[in-house]
Amino acid sequence: MASVTAMPATPQPRANVGQIPAYVPGKPPTPRPGLTTFKLSSNENPYPPLPGVLTAATRAAEQMNRYPDMGNSALYDALAARLGVPVEDLAAATGSVALIYQLLGAFCDPGDEVVYAWRSFEAYPIAAAVAGATSVRVPVLADGRHDLPAMAAAVTDRTKVVLVCTPNNPTGPAVTQAELDAFIAAVPSHVVVVVDEAYLEFVRMDDPVDGLATYRDHHNVVLTRTFSKAYGLAGFRVGYAVAQAPLAAALRAVSLPFGVSSVAQAAAVASLEAEDALLERVEALVAERARVVAGLREAGWNVPEPQGNFVWFELGDRTLDFAAAADELGIVVRPFAGEGARVSIGEVQANDRLLELARSFEAR
């Protein structure tokens, strides 16, 4: 008699679902009477909407009874003109993180490998697990930089995608163009190389990555970018990928229909039109970043070279104590227990509080 497999009594998700790590968002600050509190835990832009953006968003919201343009036509046209790329090479989604999910879902079969630095963006292992892929984590160097030779060496015949986060979230350093070129040359051409440029606008370094030139030179490169950081549209969730047409088409094929809202599309287009004001704000944040780093180093902290809108504290088992001390001062940071804390560059007063914390905490 054939054996009968007992069926579960309740619906069961796929086995890998229970293994998906939870995404931990930056929490809001604890209200403290008489003290202005600041959220420095999510790498948000501290400035209000760029000129014209709120008007465009409000106008779009007046048509909320209609579905958004599923083809993102106005946004693609604006991006194509701004970047000098064909519309066919673009794919939009609800933030660059959604594009990572879509890409792994499109290119990874269960058991395929995804190589990335660690610690890096918290969503990478989640997206890999959702796709049923296997994460291959390559430790960052002591200074928080990607170890690109080690990442290239970690590529096997099961590798489908490698993720290069530059600047790296949460440690801060960015890779150079020479480093990226050498890495791409060492990776088989059938492997997708994702260059995650969420913090692109804040990079100030010698030999910075030219993402657009890199994508034009390589059929296996995908750039992912977002309007959440420099452009200040974190609440609207809109990002985009740039890749040669076959890769971009794959991303669009697995996208959620009507995913990017009408309001987000309109706000993104208006933000592109307000580039002069954007650049002024970015320069101000970069100047604040430099001031904060100088103050931290004067206080004795050896922080990695930041190229995003945040700084990284290597704290080990002192991480949660550091986060608690920050909360007492009215600022909330993003702790990674047992490793360190990431702190966004925010308002001047918030940054002053961080420097106060750095001076007092080091003395403990």
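**Contact between the domains**

I began with the contact count: 23 residues of domain 1 touch 26 residues of domain 2. I note here that the model is a predicted one.

**Where the domains lie**

I looked up the bounds next. Domain 1 comprises residues 27–48 together with 274–360. Domain 2 runs over 53–273. I then took the C-alpha centres of domain 1 and domain 2 and found 25 Å between them.

**Buried area**

I checked how much surface the pair hides. Domain 1 and domain 2 bury about 2,100 Å² between them. Carbon and sulfur atoms account for 53% of that area.

**Charged and polar pairs**

I went on to the salt bridges. There are 4 of them between domain 1 and domain 2. I also looked up the pair R334 and E122. Their side chains form a salt bridge, with 2.8 Å from N to O. For polar contacts, I found 15 residue pairs across the interface of domain 1 and domain 2, counting pairs with both residues at pLDDT 80 or more.

**The domain 1 side**

Which elements give two or more residues to the side of domain 1 that touches domain 2? I listed α10 (275–298), β9 (310–314) and β11 (334–336). Of these, α10 gives the most, with 7 residues.

I got 10 nonpolar, 6 polar and 7 charged residues.

Note on methods. Residues numbered from 1 in each chain as written. Predicted model: local features only at pLDDT ≥ 70, side-chain atom pairs only at ≥ 80, totals over all residues. Heavy atoms only, no water. Domains from an automatic or database assignment. Contact = heavy atoms within 4.5 Å. Buried area = accessible area lost by both parts, 1.4 Å probe. Polar contact = N/O pair within 3.5 Å; in protein donor to acceptor, adjacent residues only side chain to side chain. Helix = DSSP H or I, 4+ residues; strand = E, 2+ residues; numbered from the N terminus. Nonpolar A, V, L, I, M, F, W, Y, C, P; charged D, E, K, R; others polar.
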